[in-house]
Amino acid sequence: EVRGIVTTLAPAFDRARLCRGTLDTLGLYGVPIGVGTDGGDVQGKHKATAFEDWAHTYMPVKYSESALSLEPGQRLLLRLYREAAPKSLTLVIIAALKDPALFLRDSEKLFVEKTKEVVIMGGVEPWEPGTSGLVTLSPDTAHNNMFDASSS
């Protein structure tokens, strides 16, 4: 069950519109979309034109009701975590780590209480499980880690 999606990497609002259009095309109208941060792309190297041209038939226009229903990513994460049962959420990270790092920083207790597991696409060096059950992960050279190295 997908409970929500937070888009990240500049232009995050346009990526959220693309995500909303994609989910609507799949009939997933009830999945909330949050607009995340620039993902570390502070220079705005990424542009919506990379996907707007081919997705214009299903991507909501900027000032449509659908686009204006998008909510701030951190607010969405907080709401979803507050509503979740203990140890019930799987956080899947397939882009820059800035948004989950900010959420963890600001809501660590809630994150620990409600998170069952974290799945990261690439992004960490191999590790050996410790005897205490706690593992410290180190970022690798995956492209997702390059946007915001301190979050990684």
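**Contacts, cores and helix packing**

Colleague: Leaving aside neighbours within four places in sequence, which residues is Leu91 in contact with?

Modeller: Beyond those neighbours, Leu91 is in contact with Tyr81, Pro100, Phe111, Glu117, Val118 and Val119. Please keep in mind that this is a predicted model.

Colleague: Which residues make up the largest nonpolar core?

Modeller: The largest nonpolar core has 10 residues. They are Leu77, Tyr81, Ala84, Leu89, Leu91, Ile93, Leu97, Phe103, Leu110 and Phe111.

Colleague: Which elements each supply at least two residues of this core?

Modeller: Helix H4, strand E4 (89-93) and helix H6 (108-114) each supply at least two. Strand E4 gives the largest share of the core, with three residues.

Colleague: Changing topic: at roughly what angle do the axes of H4 and H5 cross?

Modeller: The axes of helix H4 (residues 73-83) and helix H5 (residues 98-106) cross at roughly 55° and come within 10 Å. The two helices are therefore oblique to each other.

Colleague: Is the crossing of H4 and H5 right-handed or left-handed?

Modeller: The crossing of H4 and H5 is right-handed.

Colleague: Which residues make the contact?

Modeller: Helix H4 contributes Gln74, Leu77, Leu78 and Tyr81, while helix H5 contributes Asp99, Leu102 and Phe103. Sorted by class, the contact of H4 with H5 has five nonpolar residues, one polar residue and one charged residue.

Colleague: What is the phi of Leu9?

Modeller: Leu9 has a positive phi of about 85°, although it is not a glycine. Leu9 is also placed in the loop between E1 and H1. Leu9 counts as buried at 12% relative accessibility.

Colleague: And what is the phi of Lys87?

Modeller: Lys87, a residue other than glycine, has a positive phi near 50°. Lys87 sits in the loop between H4 and E4. With a relative accessible area of 46%, Lys87 is partly exposed.

Colleague: Stepping back, how many helices and strands are there in the protein?

Modeller: The protein has seven helices and five strands. From the N terminus on, the elements run β-α-β-α-α-β-α-β-α-α-β-α.

Colleague: What percentage of the residues in the protein is buried?

Modeller: Buried residues make up 39% of the 152 residues in the protein.

Colleague: And of the contacts with a separation of 6 or more, what share is between residues 24 or more positions apart?

Modeller: Such residues account for 71% of those contacts in the protein.

Key. Residues numbered from 1 in each chain as written. Predicted model: local features only at pLDDT ≥ 70, side-chain atom pairs only at ≥ 80, totals over all residues. Heavy atoms only, no water. Axes fitted to C-alpha atoms, helices over the stretch in contact; angles between N-to-C directions. Helix = DSSP H or I, 4+ residues; strand = E, 2+ residues; numbered from the N terminus. Parallel < 35°, antiparallel > 145°, perpendicular 65-115°, else oblique. Left-handed = near helix turned anticlockwise from the far one by under 90°. Contact = heavy atoms within 4.5 Å. Nonpolar A, V, L, I, M, F, W, Y, C, P; charged D, E, K, R; others polar. Core = buried A, V, L, I, M, F, W, Y, C linked by side-chain atoms within 4.5 Å. Buried < 20%, exposed > 50% of the residue type's maximum accessible area, 1.4 Å probe, protein only.
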